[in-house]
Amino acid sequence: MAINKNVEKILNEQINAEFWSAYFYLSMSNYFNANGMPGFANWMKVQFEEETFHAMKMLDFVNERGGRVILQPIAEVPSEWNGVVNIYEETLAHEEKVTSLINECVNVAIAEKDHATVNFLQWFVDEQVEEEAGVSEILDQLRMFEGKGHGLYMMDKEFKARTFVAPAE
């Protein structure tokens, strides 16, 4: 059975949002590189890879369901921030927005009684819980030392070791 057109439409919108998120984090990575924070740059580059993975996972699902993926232009992303705390505040706000977008995808799938898509999207719902919790923890740590000094150095050093590992299906 082909994917419902309303579900296809909202998943196409979400694919674009996931690719925008990838660019957003890649821009942050480049900001950190330009400001001498290679560990934070690496952390954001891994975020870029995760968001790209999310977009491709959704894209593959639409194709598997007999839908059509229509790629749209990716809107411009910011390139300047007011330091590391500001970046993670924006990251948290962005992840909260993505959560609301994923929830809307679920709402449409439920309204259309598309149980396969509801089931598929549960992975993204769970992923968003993890994303928000992880960024909140980092932001709490950064705020402890106002994003400066030895704490910033230690986090930068720690973040150099982060790698992207595609989740098991």
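A: The model is a predicted one. The residue that caps the N-terminal end of helix 1 is Asn4, with a side-chain oxygen 2.8 Å from the backbone nitrogen of Asn6. Helix 1 itself covers residues 5-34, which is 30 residues. From first C-alpha to last, helix 1 reaches 44 Å, close to the 44 Å expected at 1.5 Å a residue. After helix 1 comes Gly36, with a positive phi near 70 degrees.

Ser27 is in helix 1. It counts as buried because its relative accessibility is 13%, under the 20% cut-off. The Ser27 side chain reaches the backbone oxygen of Pro78 at 2.5 Å. Neighbours within four places in sequence aside, the residues in contact with Ser27 are Val77, Pro78, Ser79 and Trp81.

Trp81 also takes part in a ring pair. The whole structure holds 16 aromatic pairs. One of them joins Phe24 and Trp81, with 6.3 Å from centre to centre and 65 degrees between the planes, an edge-to-face arrangement. Phe24 belongs to helix 1, while Trp81 sits in the loop between helix 2 (38-64) and helix 3 (84-111), so this pair ties together parts 57 residues apart in sequence. Both partners are buried: Phe24 has a relative accessible area of 3%, and Trp81 has a relative accessibility of 8%.

The Phe24 and Trp81 rings belong to a cluster linked by ring pairs, which also includes Trp20, Tyr25, Tyr31, Phe32, Phe40, Trp43, Tyr88 and Phe159. Trp43, a member of that cluster, has Arg162 over its face, at 4.3 Å from the ring centre. A second case of this kind is Lys57, which lies over the face of Trp123 at 4.7 Å from the ring centre.

Lys113, in the loop between helix 3 and helix 4 (115-144), is not a glycine, yet has a positive phi of about 55 degrees. Its relative accessibility is 65%, so Lys113 counts as exposed. Glu146, in the loop between helix 4 and helix 5 (149-159), likewise is not a glycine and has a positive phi of about 55 degrees. Glu146 also counts as exposed, at 60% relative accessibility.

The C-alpha trace spans about 55 × 25 × 25 Å along its principal axes. Of the contacts between residues at least 6 apart in sequence, 83% join residues at least 24 apart. The pair of Phe24 and Trp81, whose parts are 57 residues apart in sequence, is an example from helix 1 of a link across such a separation.

Key:
Residues numbered from 1 in each chain as written. Predicted model: local features only at pLDDT ≥ 70, side-chain atom pairs only at ≥ 80, totals over all residues. Heavy atoms only, no water. Helix = DSSP H or I, 4+ residues; strand = E, 2+ residues; numbered from the N terminus. Expected span 1.5 Å × (residues − 1). Polar contact = N/O pair within 3.5 Å; in protein donor to acceptor, adjacent residues only side chain to side chain. Phe/Tyr/Trp six-rings, centres within 6.5 Å; stacked < 30°, edge-to-face > 60°. Buried < 20%, exposed > 50% of the residue type's maximum accessible area, 1.4 Å probe, protein only. Lys NZ or Arg CZ within 6 Å of the ring centre and 35° of its normal. Contact = heavy atoms within 4.5 Å.
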